[in-house]
Protein chains: 2
Amino acid sequence: MPLENDLLLRTIRKEKTERTPVWLMRQAGRILPEYRSVRNSLSGFKELVETPELAAEVTIQPVDILNVDAAIIFSDILVIPEAMGLSYEMVEKKGPWFPETIKTKADLTHLHVAEAEDVSYTIRAIEVTKKELNGRVPIIGFAGAPWTIFAYMVEGSGSKTFSKARALLYTDPVLTHKLLQMITESTVNYLMGQVNAGVNVVQVFDSWAGILSPYQYEEFSLPYISQICDAIQEVPKTVFAKDAYFARASFNKLDCHTVGLDWCMDVQESRELIPDKVLQGNFDPCALYGSEEEIAHNVKTMLKAFGPFHHIANLGHGVYPDTDPEKVKFFVQTVKEMSQNLR
Amino acid sequence: MPLENDLLLRTIRKEKTERTPVWLMRQAGRILPEYRSVRNSLSGFKELVETPELAAEVTIQPVDILNVDAAIIFSDILVIPEAMGLSYEMVEKKGPWFPETIKTKADLTHLHVAEAEDVSYTIRAIEVTKKELNGRVPIIGFAGAPWTIFAYMVEGSGSKTFSKARALLYTDPVLTHKLLQMITESTVNYLMGQVNAGVNVVQVFDSWAGILSPYQYEEFSLPYISQICDAIQEVPKTVFAKDAYFARASFNKLDCHTVGLDWCMDVQESRELIPDKVLQGNFDPCALYGSEEEIAHNVKTMLKAFGPFHHIANLGHGVYPDTDPEKVKFFVQTVKEMSQNLR
């Protein structure tokens with residue numbers, strides 16, 4: 001079935017388009033009252049992730065309410081460690097917490113390479129979303145990058161320094177590579193399941209890329225992202241590695257189509273370092289706290305920096321929970337109108 | 001009185017030295033049992049900061065125990081907001097917390113530009129340290145960069161995103177600049193007080209530099225750091241702005257002598273961007289969790305990357321609290337021996 005709005009896909013194919021496509025990282029969830037009313041009827045975040053009909057509902061909400069050019073499936077990057085055998089809890093206002101963590105080689109014996117079926121709830125949520133969206137906009141699937149997943153599995157929770165996870169890179173690189181490889185294979189299986197269920201694009205999130213040195217990133221993160229990109233040939237791939245400014249030239253060599261930028265990455269410099277890819281980003285989520293006039297000014301700055309083509313407008317990170325949805329609507333509408341006028 | 005060990009100062013003056021000097025950010029405190037025994041006899045962290053004799057004692061501990069080439073005065077960057085009229089509490093295991101924060105212009109009326117006398121306990125701690133150290137090694141004074149202090153005064157605590165502080169840059173740049181200027185003048189007064197009390201070097205810590213875009217950094221952080229550098233002409237100045245990779249070329253233009261690097265900054269690239277300054281850093285604090293063999297290997301990598309001169313060995317961030325002091329001793333000793341042998 002052809003898509004009603006395929007602007008995102010045409011942009012990724014580097015076609016000349018009538019305007020710049022726009023969506024927001026974390027658009028499904030937290031900022032929308034409609035999301036919170038679904039969420040509050042449940043026992044917790046994970047119940048929502050694991051209930052396909054409801055996950056599909058909150059996936060579609062921003063398409064209806066915010067008028068974005070793509071839906072991104074509502075799920076969590078930590079479904080992968082859970083599918084591998086390491087379960088987590090989502091602690092209200094604190095974030096994820098793993099009762100068990102990976103410390104030694106022996107801990108790997110409790111893990112297995114996950115199959116897509118191990119995350120059947122998200123696969124099913126994609127199928128429901130596909131049916132209900134009925135071709136209105138493309139669906140983006142996603143997974144965490146192996147390094148980021150590894151960081152949680154070893155650290156056991158979010159952290160300012162991820163010092164336990166980073167320590168393991170020094171103290172046991174063999175175990176590190178073994179676990180990264182297991183995560184990578186699990187992620188490929190999972191993303192292929194998403195592709196088979198109908199996503200049009202996949203995005204790999206390396207949220208904790210920026211705490212590795214450039215050399216560590218080349219050794220412990222990039223090769224695994226590269227494996228994932230190579231394994232998925234059916235749909236275009238986006239890589240977003242927050243704060244990994246040092247890896248931009250390397251991203252240009254990946255078999256991916258789009259590279260996401262955070263708001264600290266200079267656009268012109270990034271264009272020079274990543275000349276072959278479509279770029280996605282990089283509006284500062286904080287700029288959405290400004291007035292409409294200020295938002296419009298900053299949208300213009302962003303659009304002029306990226307230029308009319310090979311750009312998918314987005315934030316430089318996930319939208320912050322206390323952002324006014326009206327400001328987000330204004331942002332989306334402004335990108336649409338202004339990018340058309342600037343052509 | 002001439003210093004017994006002036007290696008740090010000779011390095012900063014770009015003299016050819018017999019070996020590379022070494023000290024560690026956060027060397028005074030947390031990792032040493034000798035520190036904890038002083039700390040545990042008190043009601044809290046702030047009592048230690050505010051008791052000159054004890055602050056001097058823990059300042060000198062790492063010189064005795066770790067054999068570092070400099071002492072850095074034990075204090076906290078948040079003494080400045082407190083001296084300006086905004087008090088904070090140090091919550092055990094959570095970090096700093098401000099009962100009141102800056103939200104509007106009206107909140108500024110409760111603040112004043114601080115004088116060095118408003119932080120008399122740290123000034124006195126420097127005098128005591130100076131006397132007790134008796135010229136063994138130089139003393140480093142320090143303060144937070146105005147942007148980082150601003151971030152805490154507006155946010156009210158540590159934060160992953162500092163979204164309230166960053167929002168104010170968009171919603172009220174006039175208030176932002178006014179507060180930044182007040183912090184800057186307070187910081188100059190405070191650092192001049194430290195200089196008069198006898199510190200040999202001052203370091204400005206911009207801990208939250210990396211969450212600003214390059215444009216915001218040029219507008220809201222650099223001009224204020226520059227004012228501080230210009231105002232202090234009596235001793236050499238070091239600027240350490242964590243994660244501000246994008247500002248390295250700008251740091252080269254500051255009236256400072258040394259620029260600190262975090263472990264994510266490539267040394268060669270940084271040498272090219274900051275050719276005129278001595279560089280300080282940038283050993284990954286996590287590498288201290290490794291074996292002695294691994295530490296020696298990584299020290300060698302660091303020393304070879306920086307080369308024999310214009311380098312002060314240090315970590316790329318503060319030493320992590322659970323680091324084994326024996327590993328730190330080994331690190332210090334290895335830098336000393338290896339840098340001598342590599343000449």
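This is a predicted model: local features need pLDDT of at least 70, side-chain atom pairs count only at pLDDT 80 or more; totals for chains, interfaces and linings use all residues.
Two residues are in contact here if their C-beta atoms, placed from the backbone, lie within 7 Å.

Let's start with the interface. How many residues of chain A are in contact with chain B? The count is 21, and they meet 21 residues of chain B. Which element of chain A gives the most to that side? Helix H9, residues 163–171, with 5 residues. By class, the side of chain A that touches chain B has 11 nonpolar residues, 6 polar and 4 charged.

Now the symmetry. Take chain A, turn it by 180°, and shift it 0.0 Å along the axis. It then lies on chain B with an RMSD of 0.0 Å. Why does that matter for the description? Because this is the relation of a two-fold axis. Within chain A, A:Lys160 has the C-alpha nearest the axis, 3.8 Å away. And the same surface serves both copies: 100% of the contact residues of chain A recur in chain B.

Next, the sheet. Chain A has an open sheet of 7 strands, with parallel pairing. Read the order as E1-E4-E5-E6-E7-E8-E9. Which strands sit at the edges? Strand E1 (71–72) and strand E9 (311–315) of chain A; each pairs on one side only. Inside that order, strand E7 (residues 258–260) of chain A runs parallel to strand E8 (residues 278–283) of chain A, and 3 bridges join them. There, A:Thr258 stands opposite A:Val278.

Over to chain B, and strand E8 (residues 278–283). Is E8(B) enclosed or open? In E8(B), 6 of the 6 residues are buried, so the strand is largely enclosed by the rest of the structure.

E8(B) has partners to describe. Strand E7 (residues 258–260) of chain B is joined to E8(B) by 3 bridges, running parallel. B:Gly260 has B:Gln280 as its bridge partner.

Then strand E9 (residues 311–315) of chain B. It is parallel to E8(B), with 5 bridges. B:Asn282 stands opposite B:Asn314. E8(B), helix H15 (residues 292–306) of chain B and E9(B) also make a right-handed β-α-β unit.

Last, the core. The largest nonpolar core holds 244 residues. Which members touch the most others? A:Ile80, A:Phe150, B:Ile80 and B:Phe150. Look at B:Ile80. Leaving aside neighbours within four places in sequence, its contacts include B:Ala114, B:Ala143, B:Ile149, B:Ile183 and B:Tyr190.

Note on methods: Residues are numbered from 1 along each chain as its sequence is written. Chains are lettered from A and ligands numbered from 1 in the order in which they are written. A nonpolar core is a set of buried Ala, Val, Leu, Ile, Met, Phe, Trp, Tyr and Cys residues joined through C-beta atoms within 7 Å. A residue is buried if 20 or more other C-beta atoms lie within 10 Å of its own, exposed if 12 or fewer, and partly exposed in between; C-beta atoms are placed from the backbone. Helices (H or I, at least four residues) and strands (E, at least two) are DSSP runs, numbered from the N terminus. Ala, Val, Leu, Ile, Met, Phe, Trp, Tyr, Cys and Pro count as nonpolar, Asp, Glu, Lys and Arg as charged, and the others, Gly among them, as polar. Copies are superposed by least squares on the C-alpha atoms of residues with pLDDT of at least 70 in both. Two strands pair if DSSP finds at least two bridges between them. A crossover is right-handed if, with the strands pointing away from the viewer, the path from the first strand over the helix to the second runs clockwise.
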